[in-house]
Amino acid sequence: MKKIQASLIIMIVFYSLFLISCAGEDSVLVDTTPPQKAEMVPHLGDFDGNSQTDYWGNNALITDENNGIDAVSGGDWIRIMWKDLNEDTDLEFYRVYRYREEFSGIVDSTFVDSVIISNDNFYIDKFNKHSGTALYNDWFYYIEVFDRAGNSTFSDTVCYRLEEKPNLSGFSDVNPDSLIFQWGTISGISKYLFLIFDKNDQNGELSIVKSESITDTDPQFPWVEYSFPKSELSNGKYYWRVDAFGDDNDKKSGSESIISAFEF
Ligand SMILES: [Ca+2]
Ligand SMILES: [Ca+2]
């Protein structure tokens, strides 16, 4: 009887050791390959209906969707963009980080958000974790992409500076020949881009029907006035937006007004 008990104990010990060694073998199957480095898209240019840009080796018309890091019309927000992540099939989520620089070094270093991977290759930073204005700062962004096993890789870094939004103050159709548009001037801004959009029937997207770059604004006036002959457009409903740009030598700064409807 004692012999049977002893052999039973030995069997249990061996079985336990076997289970422990199996648990250890699982680690051999764990994925240790980190995701490929995500490439952030710097600001490639501004949407005026005509300008082309070098989009990863391809000549492409600049749109609001492909121009890289940019201001967002809806608020004092920044849209960041990266090249498609479709090289890796085991991606799970990404983290967004933001900081700015002062003479003392990096400041306001912030973990902005954690987002499940989807087909979208952009993220809109609404500055929810930032107190005070997001304007007038050079904001630097990078993302960290994670796979399902928890491996991660940091992207490179891109930068954008938000300026004040043009305040659309008026549209008037009282002149028999011209349409007149007004918006408030912004100190430090010398270049505006006036845009008119039509609604594309097929997919409901806004398509550009007129753009005008306006540079010689009088700093003495509290507003900018722009007018053009009514004959340039057929009667109907349209939308307008005004973009503002900072220093001409630094294209990575600007703002986009809200989009406003008008009809004549
Ligand atoms: Ca992996
Ligand atoms: Ca823009």
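Aspartate 108 counts as partly exposed, because 14 C-beta neighbours fall inside 10 Å; on this scale a residue is buried if 20 or more other C-beta atoms lie within 10 Å of its own, exposed if 12 or fewer, and partly exposed in between, with C-beta atoms placed from the backbone. Aspartate 108 sits in strand 6 (residues 105–116). Its phi is positive, about 50°, although the residue is not a glycine. That is worth a note, because most residues other than glycine have a negative phi.

This is a predicted model, in which local features need pLDDT of at least 70 and side-chain atom pairs count only at pLDDT 80 or more, while totals for chains, interfaces and linings use all residues. As for labels, residues are numbered from 1 along each chain as its sequence is written, and chains are lettered from A and ligands numbered from 1 in the order in which they are written.

Overall, the chain holds one helix and 18 strands, where helices (H or I, at least four residues) and strands (E, at least two) are DSSP runs numbered from the N terminus. Of the 264 residues, 20% are buried. Taking contacts with a separation of 6 or more, 63% link residues 24 or more positions apart; a contact here means that two C-beta atoms, placed from the backbone, lie within 7 Å.

One open sheet has three strands in the order 11-12-15, paired antiparallel; two strands pair if DSSP finds at least two bridges between them. Strand 11 (168–172) and strand 15 (223–229) are at the edges with a single partner strand each, so one side of each has no neighbour in the sheet. Neighbouring strands of this sheet are turned by 15° against each other on average, direction ignored; the axes behind such angles are lines fitted to C-alpha atoms, for helices over the stretch in contact, and angles run from 0 to 180 degrees between N-to-C directions.

Within this sheet, strand 12 (residues 178–184) pairs with strand 15 in the antiparallel sense over seven bridges. Tryptophan 183 faces valine 224 of strand 15 as its opposite number. On the other pairing, strands 11 and 12 run antiparallel and are joined by four bridges, with serine 172 partnered by isoleucine 180 in strand 12.

Strand 3 runs antiparallel to strand 4 (residues 77–81), and three bridges join the two; in strand 4, isoleucine 78 is the bridge partner of alanine 71.

The loop between strand 7 (122–125) and strand 8 (138–147) contains tyrosine 136, and phenylalanine 127 is placed in the loop between strand 7 and strand 8 as well. Tyrosine 136 comes out as exposed because 12 other C-beta atoms are within 10 Å. Its C-alpha atom lies 8.0 Å from that of glutamate 164, a residue 28 positions away along the chain. Phenylalanine 127 is partly exposed, with 19 other C-beta atoms within 10 Å. Phenylalanine 127 has a positive phi of about 55° despite not being a glycine.
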